[in-house]
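Take a first walk through this structure. Keep the sequence and the 3D view side by side.

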Amino acid sequence: MTLTDAGRTAAITASAMAPAKINLALHVTGLDDKAFHLLDTLVVFADFGDRITIARADRDGFEVTGLHAGALAGEGENLVTQARDMLRQSHRRHDCFPVAIALEKNLPVASGVGGGSSDAATTLRLLARIWNLPAGEGELARIGLALGADVPMCLAGRPLVARGIGEAVTPIPAFPALSMVLVNPGIAVPTGAVFSALAGKQNPPLPPLPVAPTQGQLIDWLATTRNDLEAPAKTIAPAIDEAGDLLAGTGALLARMSGSGATCFGLFGDRLAAETAAGAIAKRRPRWFVRAVTTGGSPAS
C-alpha cells in the first residue's frame, strides 16, 4: 500500500536519515551456543544513507522509492514494517495510530553497510517519538535485536565497538571523523552465504584501541586488524578485489571491505581527496555505486 492509498491525515510528522554503517574492522571470534557467529567489530556511521519519512494516516501504508528501490521489489515484508509492527505490539495500550511510512532507498541492497538494519533502527526511533511511547534505549535495542543483530548498533548511531552477535555495544569517546569513499560493484552478497563460506570461525579479537586516536594513529591501528569476512565474500563476488584496487589506486590510505560485502571503503586524508577519488572511480565504473562520505566522530567525554 502506498502513501497515497493509505490516505494522509496530517502533514509529515517525522523524517530522518538512516545512515550507512561501516565496519572499519570485523573479527569473527567464535560461535555461541546457538551456532550464531560472535563478532568483535569497530563501527562508524556516514553522513549518507537511506531516508525514512513517517506521516499519520487513515491506515498503515508503506512505499519504497529511490535509486535502489527496485532491488526490494518482491521481497515481501520489509524490516521497516516489521519494526512498526513489533513496536506497536509492545505498546498495545498506547495510541499507536496508523502511519504511512516512506523509505527512500539510496544504499545498495545486501551491500554490507547495514541499510536494512539502519532503516529499522531509524523507524523505531521515529515511531517511538511520534507515538509518544515510554520506550527507552534498552527496549528499542531489545526489539531491534529481534529484527537483526546489526539493529542495536544502528540505534546507537555513533562510533562504537560491538561484540557478541552484535548486541553488546560500547560507544567510543574521542574518536575522529573520517573522510572515505564507498564503492559497491552492484552485486548483492547474501550475509548467510558469506558466513557459510568462512573457513576459520575462531579468530583473535580486536587489539586494544588507542585512547583518543588521531586519524593517523587510527589508520596505523587498523593496519593491524582485518575483516574476516572479506576472503569468503570474494569467492562469491570477485569484483570486491577490483573495488579495493580502485580505492588503493586513487590514493586511499587504507582500503577494506565493510561488513559481509560487497561494499568497500577507502580512507582519505580529507573530504576533498575523497571526492576527487570518488570522481575518478565513478568515471571508470559509471554503473557502480560510488560515494564520498564523512563519518561522524565522537567528542571527548
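Where is the place of Ala162? Ala162 sits in strand S5. The model is a predicted one. Ala162 is buried, and its relative accessible area is 0%. Setting aside neighbours within four places in sequence, Ala162 is in contact with Leu39, Asp40, Thr41, Met153, Ala168 and Val169. Now look toward Arg285. Ala162 and Arg285 are 123 residues apart in sequence, and their C-alpha atoms are 33 Å apart in space.

The largest nonpolar core has 36 residues. Those with the most contacts inside this core are Ile54, Leu87, Val99, Leu124 and Trp131. Several elements each supply at least two residues of the core. Among them are four strands: S1 (8-31), S2 (37-57), S4 (99-104) and S5 (160-164). The helices H2 (79-90), H3 (115-130), H4 (137-147) and H5 (151-156) each supply at least two as well. Which element gives the largest share of this core? H3 does, with seven residues.

Leu87 shows some of these contacts one by one. Leave aside its neighbours within four places in sequence, and Leu87 is in contact with Leu124, Leu127, Ala128, Trp131, Leu133, Leu140 and Ile143. Another core lies apart from the largest one. This other core has 28 residues, among them Leu26, Val181, Ile240 and Phe268.

Go on to Leu155. This residue is found in helix H5. Is Leu155 buried or exposed? Leu155 counts as buried because its relative accessible area is 4%, under the 20% cut-off. Beyond its neighbours within four places in sequence, Leu155 is in contact with Ala121, Arg125, Leu140 and Ala141. Phe45 is 110 residues away from Leu155 along the chain, yet the C-alpha atoms of the two are separated by 11 Å.

Now turn to the open space. The largest pocket has a volume of about 1,000 Å³. Its lining has 48 residues, and the closest to the pocket centre are Leu79, Gly116, Ser117, Asp150 and Thr191. The elements that give two or more residues to this lining are S1, S2, strand S3 (61-65), H2, H3 and helix H6 (191-197). H3 gives the most, with four residues. What is the lining of the largest pocket made of, by class? There are 23 nonpolar, 17 polar and eight charged residues.

Asp150 lies in the loop between H4 and H5. Asp150 is partly exposed, with a relative accessible area of 23%. Apart from neighbours within four places in sequence, Asp150 is in contact with Lys21 and Ser117. Ala278 is 128 residues from Asp150 in sequence and 27 Å from Asp150 in space, C-alpha to C-alpha.

Most residues other than glycine have a negative phi, and most peptide bonds are trans. Asn132 is not a glycine, but its phi is positive, at about 55°. Asn132 is found in the loop between H3 and H4. Asn132 is exposed, with a relative accessible area of 64%. Ala212 is not a glycine either, and has a positive phi of about 45°. The loop that holds Ala212 lies between H6 and helix H7 (215-222). Ala212 is partly exposed, at 42% relative accessible area. Which residues does a cis peptide bond join? The bond joins Gly261 and Ala262, and omega is about 10°. Ala262 is found in the loop between strand S8 (254-257) and strand S9 (264-268).

Finish with the cysteines. How many disulfides are there? The count comes to zero. A disulfide needs sulfur atoms within 2.5 Å. Cys154 counts as buried, at 8% relative accessibility. Cys96 counts as buried too, at 10%.

How values were computed: Residues are numbered from 1 along each chain as its sequence is written. This is a predicted model: local features need pLDDT of at least 70, side-chain atom pairs count only at pLDDT 80 or more; totals for chains, interfaces and linings use all residues. Side-chain values use heavy atoms; hydrogens and water are left out. A nonpolar core is a set of buried Ala, Val, Leu, Ile, Met, Phe, Trp, Tyr and Cys residues joined through side-chain atoms within 4.5 Å. Buried means under 20% relative accessible area, exposed over 50%, partly exposed in between (1.4 Å probe, protein chains only). Contact means heavy atoms within 4.5 Å. On a 1 Å grid over the protein atoms alone, a cavity is a set of points where a 1.4 Å probe fits but cannot get out, and a pocket is an open set with protein on both sides within 12 Å along at least five of seven lines; lining residues have an atom within 4 Å of a point. Grid points are joined across faces, edges and corners, and a volume is the space filled by probe spheres set on the points. Ala, Val, Leu, Ile, Met, Phe, Trp, Tyr, Cys and Pro count as nonpolar, Asp, Glu, Lys and Arg as charged, and the others, Gly among them, as polar.
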